[in-house]
Protein chains: 2
Amino acid sequence: MIQEAVQEVRVFAPATVANVACGYDVLGFAIDSPGDEIVVRHCSKPGLHITAITGDEGKLPKAAEKNTAGVAALDLLRHLGMTDRGIEMEIHKKMPFGSGLGSSAASAVAGAYAVNCLIGQPLTKKQILPFAMAGEASADGAWHADNVAPCLLGGIVFIRSNEELDIAQIAPPKDLWAAVVHPDIEVLTKVAREILPKEIPLLNATQQIGNLGGLLCGLIQEDYGLISRSLHDVIAEPRRQKLIPDFYKAKHAAINSGALGFSISGAGPSVFALCEGEESAHRVAKAIARVFDAVPLGNQAYVSRINPHGVHVVEEKGSAPRA
Amino acid sequence: MIQEAVQEVRVFAPATVANVACGYDVLGFAIDSPGDEIVVRHCSKPGLHITAITGDEGKLPKAAEKNTAGVAALDLLRHLGMTDRGIEMEIHKKMPFGSGLGSSAASAVAGAYAVNCLIGQPLTKKQILPFAMAGEASADGAWHADNVAPCLLGGIVFIRSNEELDIAQIAPPKDLWAAVVHPDIEVLTKVAREILPKEIPLLNATQQIGNLGGLLCGLIQEDYGLISRSLHDVIAEPRRQKLIPDFYKAKHAAINSGALGFSISGAGPSVFALCEGEESAHRVAKAIARVFDAVPLGNQAYVSRINPHGVHVVEEKGSAPRA
């Protein structure tokens, strides 16, 4: 088959909500926005060169082998024996660090996916997963697919095993919407992890397993009542809520406004609610935002369907036939 | 609507496999045999009278309010305000006590369901659940639906919450078969429960949650590979295996013979394997039985599809129209 030769490609990688209440470390979904954009193009100088980074307040390293997106792209090129290719990369961060919205995962996914598109798509999205994982691991030191996998593949992704990268995709129910609100504070993933106990009561594990299984059955069977009854986190939320001002006020506001459930997005400080229908999601997002406004705490609210596509190409330039 | 008046009804309630490796306290399925049979008929003397019990080696009480099947039936009659009805009950135990096959659940389900049939089916199967639960709780003191619910409803049943009796039914994959082997020893549920720790590592909880979710996705999506990769129990099996002679030998024999997975049925001592196809299930059952034969330990092997129906009427007598 003759592939199109692409000169330049711009991709968008969406924010993701990991954990999803009862799915600590095993469940995540993608939303429509915000997200990161990465542009890659061919150049004559061998190697991967990050030429510009915007939106990072100067925090991200330009050295490709130290940059999340760079590591992911280099890992993919190394796997394909193509590290001598000359590639320029621009990174446009469009979501805050430490937001609980999978910021580093989005950059890692965008980096690996953009380069794969530029070189003629030798790999499928699923095959890119380990390289994007390596990119994210370089940023936060952990090996978790609950942001990377939904960012890459879209929809709702369940991770049976992070070590084995064994995942299952779940088609989102048609009317399932998310209200996500990011309050302007930073929670370090490391701190949010250290706050969790090493041991938990077997009873809590059984409750969490019950809710996680209920959520999966509810999602697959489009049973919104079951989804709602299952959206409880008895492990991470009770410990991490203290990192988020007025968390329970926001939770009550969301539930009272009709949310199916409400919890922390990833390690926080972002919070999310799942809702049945767009109108409900807008109402819930406003109710949550009002609570943070009253703290007062600046915040950004996002209302989105579950994004079924994940990372995608926004623009391609200079396509021409290649032998 | 005019109901048929039934003079006598005989029902069969099947054995069930609870826990199903990674589904400790939240998952169970029904098999075709063995199972308990209960016969009920109208009589002139008010109240519920257990007139015969067979197969119990004289262990079960005949007083209805102390008997598992009797308690379930009385609880249902009380709910309906019908305790003054005259009903005779015969109980035919056809599976061993303390087998890990849901023996007391089968009696409880059969008792409540038989009486419901005799009085014109005022309740649906799902509505009978709490009364059957009460019957089983009178036998083992615990409130768990993982045997009662699949025995009643058939198929694979996931329990989000035992307290709320919130359950979801999962249609079994077409080619999913079970090989179940009962070795001739008794494990008391109480002992099997006490052997479990009160606290477990968070890491183990996450592994178990990953496997449980993987199993549900695999069952619903008919992905036998995912089912197989998910059939691991890191919580109960490592502790309870010591109650079953040569457990790991039996496990290796099952896996080497092509089983998708193998673990303890309920609290044991019965063990089960899930298999793709009938032929595979027969081969696996033989391999497991050979291990117990060599101990030497008498055993009974059962090969069965996942039973999709649960408790059902075997015979009705004396039907006549009723106003």
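Domain bounds come from an automatic or database domain assignment. On this basis, chain A is divided into domain 1 (4–171 + 308–321) and domain 2 (176–305). The model is predicted: local features need pLDDT of at least 70, side-chain atom pairs count only at pLDDT 80 or more, and totals for chains, interfaces and linings use all residues. Residues are numbered from 1 along each chain as its sequence is written, chains are lettered from A and ligands numbered from 1 in the order in which they are written, and side-chain values use heavy atoms, with hydrogens and water left out.

The centres of domain 1 and domain 2 of chain A, taken over C-alpha atoms, are separated by 25 Å. Contact (heavy atoms within 4.5 Å) links 32 residues of domain 1 of chain A with 36 residues of domain 2 of chain A. The two domains of chain A bury about 2,400 Å² between them, 65% of it on carbon and sulfur atoms. Buried area is the accessible area (1.4 Å probe) that two parts lose on being put together, summed over both. A:Ala21, A:Cys22 and A:Tyr24 supply 25% of the area that domain 1 of chain A buries against domain 2 of chain A, more than any other three residues.

One salt bridge is counted between the two domains of chain A. A salt bridge is a side-chain nitrogen of Lys or Arg within 4 Å of a carboxyl oxygen of Asp or Glu. A:Arg193 pairs in this way with A:Asp25, and the closest N and O atoms are 3.4 Å apart.

Chain A also meets chain B. Here 35 residues of chain A are in contact with 35 residues of chain B. Chain A and chain B bury about 2,800 Å² between them, and 69% of this lies on carbon and sulfur atoms. In chain A, the residues that lose the most area to chain B are A:Arg160, A:Leu202 and A:Ile209, together 25% of what that side buries.

Two salt bridges are counted between chain A and chain B. In one salt bridge, A:Arg229 faces B:Asp166, with the closest N and O atoms 2.6 Å apart.

Strands also join the two chains. Strands (E, at least two residues) are DSSP runs, numbered from the N terminus. Two strands pair if DSSP finds at least two bridges between them. Three bridges join β9(A) to strand β9 (residues 199–201) of chain B, and the two run antiparallel. A:Ile200 stands opposite B:Ile200 in β9(B).

Conventions
Helix = DSSP H or I, 4+ residues; strand = E, 2+ residues; numbered from the N terminus.
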